[in-house]
Amino acid sequence: MHNLDKPVFQVPEYLRHLRQVIVDRSVLDAPLAQRVLRRLGHLPVVIRESEFDPGRMHLTSVGKGAEDGSGSKDSGSGTVYLKHYRGRFLRSCPGTRHYHCCAYRIVHIGENCPLSCSYCILQAYFQDRVLKVWANQADLFAELESAFSERPDRRWRLGTGEFTDSLTLEPVTGYSRDLVGFLGAYPQTCLELKSKVVDLSWMDQVARPDRVLPAWSMNAPEIQAREEGGSVSLEERLRAARACTQAGFRVCLHFDPVIPFPGWERGYARTVEMIKDHLRPEDVAYISLGSLRFMPELKQRIEENHPQARYIYAEFITGLDGKQRLLRPLRVRQLRHVAETLRRAGFQGLYLCMESDEVWNAVFGYMPKELGGLGRYLMRRAFGE
Ligand code: SF4
């Protein structure tokens, strides 16, 4: 087995803009922090002495060229912040009660993402683009252990890709590798690693491949090329997915958001063709479909940050959760097209992300209750039943 702490990897293209590391003094000796500092040894390092200082962060520069981290022109893009996180690591997914939510639990490992998808919700969630990594992993593991042992009869469908991409920082943090290693002792958990890049360095730590679900976002090739800045091609994602299935994993796919553009029917059909060329239906645990939707404040961020994104000028209505959604006829047409193309290719385990019974019925001809409830259905699919 090779030693991953040696710089055997090339910093991927999408991380070449990194320019400094900030680390809380209290986690400086944590194994994860030490690993990141070794792997990003070429970057200046700033130690944050006290997180309880009022006002500006109090920083002590220890590296050549280190900046004060108090706000740069690009709102912290290029800064990795190894933080002593004091909040809850295990969370419920922020779905809303108005629509069917998939009921998975988030393992919160950090915030923000080095990619720049134009539609990314994180632009509205967070004020800056600092890549925050919760470096006090021992606290995270203690919290998970306590939750699992409180309810030993319970099964958990877990994921890390809610407030960050699961794998974009993996080459420098090895976070997922540590996490799958830890979860190996808890076969009542199934962890989904959701990404738009390829990093399989966590694989050799997996005790049970049937308890880890590598997952990739799918979209039309045109949307990937135009709107998912820094991501790897669909072909590369699917080649990685196939490599996972050859190693004994099943994978998940997520068509979210499905976006209208001239020729979208052909674009999404082309993606399903590619999926069929790389994966067999039995290789896939589940596939989500979600229509374009966003909080009102996100629209302004998209306009400012991604002027090429024309889809925000489509017609929207405000949904029950306050989010802007495409008008239902177009929404249903798009979701039905992707669903039917996937089904014709033999793929099952399809579900809609944050939609009502009416839309489920119009797209699939049934509602989540006929599956025994969406959360329970996905739990069964995740655990291979
Ligand atoms: S990969 Fe996900 S988290 Fe990262 S920018 Fe794209 S949508 Fe946002």
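This is a predicted model: local features need pLDDT of at least 70, side-chain atom pairs count only at pLDDT 80 or more; totals for chains, interfaces and linings use all residues.

Reply: Strand S17 and strand S18, the latter made of residues 324-326, pair in the antiparallel sense over three bridges. Widening the view, the order S16-S18-S17 describes an open sheet of three strands, with antiparallel pairing. Strand S16 (293-294) and strand S17 (316-318) stand at the edges and have a single partner strand each, so one side of each is left without a neighbour in the sheet.

Turning to the backbone, the peptide bond that leads from aspartate 256 to proline 257 is cis, with omega near 5 degrees, and proline 257 lies in strand S14, which covers residues 251-258.

Asparagine 112, although it is not a glycine, has a positive phi of about 85 degrees, and asparagine 112 is found in the loop between strand S7 (110-111) and strand S8 (116-117). Because a residue is buried if 20 or more other C-beta atoms lie within 10 Å of its own, asparagine 112 counts as buried with its 27 C-beta neighbours.

Methionine 354, likewise a residue other than glycine, has a positive phi near 55 degrees, and methionine 354 lies in the loop between strand S19 (350-352) and helix H11 (357-364). With 21 C-beta neighbours inside 10 Å, methionine 354 counts as buried.

Terms used:
Residues are numbered from 1 along each chain as its sequence is written. Two strands pair if DSSP finds at least two bridges between them. Helices (H or I, at least four residues) and strands (E, at least two) are DSSP runs, numbered from the N terminus. A residue is buried if 20 or more other C-beta atoms lie within 10 Å of its own, exposed if 12 or fewer, and partly exposed in between; C-beta atoms are placed from the backbone.
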